[in-house]
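Notebook open. I wanted to look up a loop residue and then the ring pairs, one entry at a time.

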Amino acid sequence: MSLLNNGRALSLAIGKFSFQRFASSFSFATVNEKSNGTTAGTNPSFIHPSTVVHPNAILGQDVSIGPFCTIGPSAKLGNACRLHPGSHVVGNTELGDNCILMAGAIVGDDLPGRTVVGCNNIIGHHAVVGIKCQDMKYKPENECFLKIGDNNEIREYTSIHRSSKITDKTVIGDNNLIMGSSHIAHDCKVGNNNIFANNTLLAGHVIVEDYAHTAGAIVVHQFCRIGSFSFVGGGSVVSQDVPKYTMVSGERAELRGLNLEGLRRRGFSTMEEQHKELSLVPAVSSMVQSIRDSFAEDRRGICKFRSWSAS
């Protein structure tokens with residue numbers, strides 16, 4: 001019995017030693033605080049030995065960077081950022097506090113311009129954010145910009161491009177969920193609290209206001225506007241503006257009525273919808289004004305109306 005117990009103890013000791021050796025090979029090295037812009041006495045950052053951090057990069061406190069990452073000379077990482085294996089921060093790029101880059105994510109580009117990402121953002125696996133636009137008018141010497149707010153979740157394989165010229169910028173607001181394989185092109189303006197389902201594709205200069213929701217596999221033509229609290233049905237091709245509070249769908253997206261379910265979820269009441277003096281209801285006034293704006297000289301008009309029974 002004693003021989004059996006000794007054998008078990010020996011096996012545990014060997015297993016523990018082997019695990020320690022394995023773990024140590026993937027352990028994180030403490031950053032040299034002076035050479036990486038942190039302040040002595042603060043919480044140290046941890047960087048895997050295989051990662052390359054340029055000495056001029058600025059790291060906040062309690063930053064963790066996994067294996068095979070690169071941090072460029074003009075990069076700035078806020079406190080408590082987490083970079084998973086194989087993620088990269090390139091060019092003149094700033095990450096706010098508590099940002100997470102999943103494996104394979106790339107933020108920024110080694111070109112003139114800047115990418116600024118706010119706090120508490122998640123950049124998904126193999127997403128590319130803040131890279132060169134796909135506009136044929138782009139010139140390599142142009143300074144181009146991307147600004148992302150706070151609390152956004154940008155899922156796997158999404159691409160978000162910088163602006164195409166120095167006089168404009170691509171902007172993403174706060175609290176947006178951008179699902180996998182979506183694309184936001186140059187000079188787009190996305191507001192707050194939007195939900196983009198997988199494969200939502202926005203061409204250049206598209207404006208999405210607040211609380212809009214797109215279903216999967218939709219395409220929006222350049223210079224179109226998606227109004228607040230609107231819904232775009234799956235598989236739609238949007239070639240004209242979507243007014244506030246409305247729902248569109250179709251191969252060439254057509255108006256299908258009010259986005260009643262979305263409005264209900266956001267706290268709009270039926271009393272507002274049935275108000276005798278509709279012109280006095282702020283939501284109605286805002287909707288009418290958005291329709292008027294869509295017929296301005298440089299706009300594309302609105303999606304045509306088609307009832308569900310006609311489809």
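Entry one, a loop residue. I started with Ala57, which sits in the loop between strand S3 (52–53) and strand S4 (58–59). This is a predicted model, so I'm reading computed values throughout. Buried or exposed, I asked of Ala57? Its relative accessibility comes out at 1%, and the cut-off for buried is under 20%, so Ala57 counts as buried. I also checked a C-alpha distance: Ala57 and Leu77 are 20 residues apart along the chain, and their C-alpha atoms are separated by 8.2 Å.

Entry two, the rings. How many aromatic pairs does the structure hold? I got 4. I looked at Tyr211 and Phe229: the ring centres are 5.1 Å apart and the planes are at 5 degrees, so I logged the pair as stacked. Tyr211 is in the loop between strand S25 (207–208) and strand S26 (213–214), while Phe229 is in the loop between strand S28 (225–226) and strand S29 (231–232). That pair links distant parts of the chain, 18 residues apart.

Tyr211 is partly exposed at 30% relative accessibility. Phe229 is buried, with a relative accessible area of 16%.

Entry four, the other partner. Phe229 also pairs with Phe268, edge-to-face this time, at 5.1 Å centre to centre with 80 degrees between the planes. Phe268 lies in the loop between helix H2 (260–265) and helix H3 (270–273), and Phe229 in the one between S28 and S29, so this pair ties together parts 39 residues apart in sequence.

Last entry. I noted that ring pairs link Tyr211, Phe229, Tyr245 and Phe268 into a cluster.

Methods:
Residues numbered from 1 in each chain as written. Predicted model: local features only at pLDDT ≥ 70, side-chain atom pairs only at ≥ 80, totals over all residues. Heavy atoms only, no water. Phe/Tyr/Trp six-rings, centres within 6.5 Å; stacked < 30°, edge-to-face > 60°. Helix = DSSP H or I, 4+ residues; strand = E, 2+ residues; numbered from the N terminus. Buried < 20%, exposed > 50% of the residue type's maximum accessible area, 1.4 Å probe, protein only.
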